[in-house]
Amino acid sequence: MIVEHQAILQALHAAKLADLNTLRAHSHQALANQQRYLAQLQDAGFDAKTIAQACSEFYQLPYLSQIKVNFNEKYFSLIEQFILLPLDENETEIHLAIADPYYFLHQHQLEINSLKKLKFFLIDYQQLIKSANYYLNSMDLKKQTADRIARQILQNAIHLSASDIHIEPQAEDCRLRLRLDGLLHTQSIIDAQITASLINHIKIVAGLDIAEKRLPQDGRFQFLTHSGIKKDCRISSCPGLFGEKIVIRILYAHRKLLQLDELGLNFQQKNIFLQQIKKPQGLILVTGPTGSGKTITLYTALNLLNCSTKNIATVEDPIEIHLPGIHQVNIHNKANLDFSTILRAFLRQDPDIIMVGEIRDLETAQIAIRAAQTGHLVLATLHTNSAIEAISRLINMGIAAYQLSACLNFVIAQRLLRRCCAFCHNGCEQCHAGFKGRIGIFECLAIDENLAELINQNASVQKLKHHATKIGMQTLQESAQEKIAIKLSTEAELERVLA
């Protein structure tokens with residue numbers, strides 16, 4: 001695999017896909033993740049056509065810019081197992097479209113299975129997945145097993161970088177929706193006759209009780225993608241009028257870490273951020289509603305702080321990204337392994353930096369505050385609408401104002417705006433209705449002496465906010481307007497997120 005990486009890397013560099021250092025970095029990442037090199041590049045968003053054309057020349061396989069599909073359903077397993085798209089067949093040959101030439105090396109195995117000669121054509125990855133999904137979705141789902149449908153749904157969701165899958169029984173059928181860039185999009189309607197078996201299959205895989213349909217249940221499982229990566233999935237079932245609704249959260253544990261410049265902080269906010277996370281002790285809070293990017297901001301900070309001289313530990317529910325060199329612990333409520341229990345254990349292991357996935361209750365808040373007061377840097381998330389409200393939230397939770405004022409260093413409030421597609425304005429193959437990805441907007445509040453005194457005096461939210469704006473804190477609205485001014489997002493998106 002290493003030899004092949006180096007050879008194809010040079011071909012991709014010659015095709016001007018990226019510079020050598022970038023291509024080498026992705027090669028190392030692919031090896032670390034035990035992932036195919038081209039799959040790593042595709043997941044990272046490099047141009048699929050450039051990759052396909054470079055591979056076509058390197059492997060001496062014909063490249064197809066457009067395809068016409070005319071094949072038999074009996075070759076369905078080729079799509080499912082090898083990510084191959086059968087194009088056509090005659091008495092002696094089967095024509096197959098591939099995006100990763102790795103599968104070209106398996107042609108002898110395929111020829112034994114098919115008893116025909118295989119002729120390969122290269123197409124770009126986006127075109128292959130789009131065509132394969134069109135075919136699979138057009139098939140009569142009643143002919144497919146629940147296992148096959150579930151794998152098809154998950155594979156498609158992962159390809160689209162969906163964060164959640166919603167399987168929703170209705171009066172006469174079942175709706176399938178994916179959350180893409182923060183919004184739900186309907187993907188298909190599933191026949192009511194197979195809905196029950198599909199839901200039961202997912203519950204079995206996740207270790208849930210299929211006989212229990214009256215109470216909510218939570219579980220988890222791992223899904224092996226076509227590119228060989230295991231994705232952790234969390235499942236929630238909840239009874240409803242027409243049956244159990246299933247929501248699957250896909251965790252991208254091998255997702256690349258964002259660089260600081262990619263978060264969306266402006267120059268002033270970035271400088272404040274760097275100054276505050278480099279302090280040896282104190283409390284840093286990242287706040288916002290569910291799905292506002294808080295965890296990614298914390299991971300970015302930890303990645304900047306991570307070094308061999310620091311003992312860094314995190315307690316999370318769940319672990320969303322694996323951070324080499326950092327001790328990460330998942331809470332496990334059924335085993336009584338909660339945030340407070342793990343935090344107490346951390347404090348006995350000489351930590352320098354502690355990350356708390358979420359402060360949910362007074363006990364966890366008290367331990368985090370005590371750690372921040374006794375020589376540790378503590379980073380945590382909280383659910384509030386603004387930076388100032390994070391202060392009042394902890395006080396209302398039961399934290400004494402004098403304790404909070406003594407250890408609180410920095411509060412970030414944030415949201416995510418959908419980013420305008422770089423290729424179009426109204427929608428194209430690269431985006432969802434004109435948007436591709438998201439970018440953060442922020443309030444960055446560094447606690448100075450005067451603000452700490454106001455907190456100590458248990459001042460009102462209005463007084464705290466007045467002082468924050470006086471010392472130059474940019475509001476979420478102002479941060480969003482900056483992004484809109486340079487056409488990274490739109491007024492409509494601002495209204496949707498902050499209305």
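Leaving aside its neighbours within four places in sequence, which residues is F223 in contact with?

A: Happy to! Keep in mind that this is a predicted model, in which local features need pLDDT of at least 70 and side-chain atom pairs count only at pLDDT 80 or more, while totals for chains, interfaces and linings use all residues. Residues are numbered from 1 along each chain as its sequence is written, and side-chain values use heavy atoms, with hydrogens and water left out.

Let's begin with your residue. Setting aside residues up to four places away in sequence, F223 is in contact with R151, L154, Q155, I158, I229, K230, K231 and C233; contact here means heavy atoms within 4.5 Å. F223 belongs to strand β7, which covers residues 217–224. Helices and strands are runs assigned by DSSP and numbered from the N terminus: helices are H or I with at least four residues, and strands are E with at least two. F223 counts as buried, at 7% relative accessibility. The cut-offs are under 20% relative accessible area for buried, over 50% for exposed and in between for partly exposed, using a 1.4 Å probe and protein chains only.

Another cysteine, C55, is buried at 0%. A disulfide is a pair of cysteine sulfur atoms within 2.5 Å, and a search of the whole structure finds 0 of them.

Now let's step out to the cores. A nonpolar core is a set of buried Ala, Val, Leu, Ile, Met, Phe, Trp, Tyr and Cys residues joined through side-chain atoms within 4.5 Å. In soluble globular proteins, nonpolar side chains tend to be buried together. The largest core here has 46 residues, and those with the most contacts inside it are L283, L285, I359, L394, L404 and L445. Helix α15, residues 387–397, gives this core its largest share, 7 residues. Apart from it lies another core of 28 residues, and F223 is among them, along with A162, L178 and I202.

I202 also leads us to a pair of helices. In α9, I202 joins I194, S197, L198 and H201 in meeting A146, D147, I149, A150 and I153 of α8. Two packed helices are described by the angle between their axes and the distance between the axes. The axes of α8 (residues 146–159) and α9 (residues 192–205) come within 9 Å and cross at roughly 75 degrees. These axes are lines fitted to C-alpha atoms, for helices over the stretch in contact, and the angles run from 0 to 180 degrees between N-to-C directions. The two helices are therefore roughly perpendicular to each other: that label covers 65 to 115 degrees, whereas under 35 is roughly parallel, over 145 is roughly antiparallel and the rest is oblique. Helix α9 also holds T195, which is buried at 7% relative accessibility. Not counting residues up to four places away in sequence, T195 touches P169, C174 and I190.

Leaving aside neighbours within four places in sequence, L285 is in contact with I359, A380, L382, A390, L394, L408, F410, V411 and I412. V411 also has a C-alpha 9.1 Å from that of S386, although S386 and V411 are 25 residues apart in sequence. S386 sits in the loop between β14 (377–382) and α15 and is buried, at 14% relative accessibility.

For contrast, here are two exposed loop residues. K16, in the loop between α1 (2–14) and α2 (20–33), is exposed, with a relative accessible area of 73%. D350, in the loop between α13 (339–347) and β13 (353–356), is exposed as well, at 63%.

Finally, the whole chain: its secondary structure comes to 20 helices and 16 strands, and buried residues make up 50% of its 499 residues. Of the contacts with a separation of 6 or more, 59% are between residues 24 or more positions apart.
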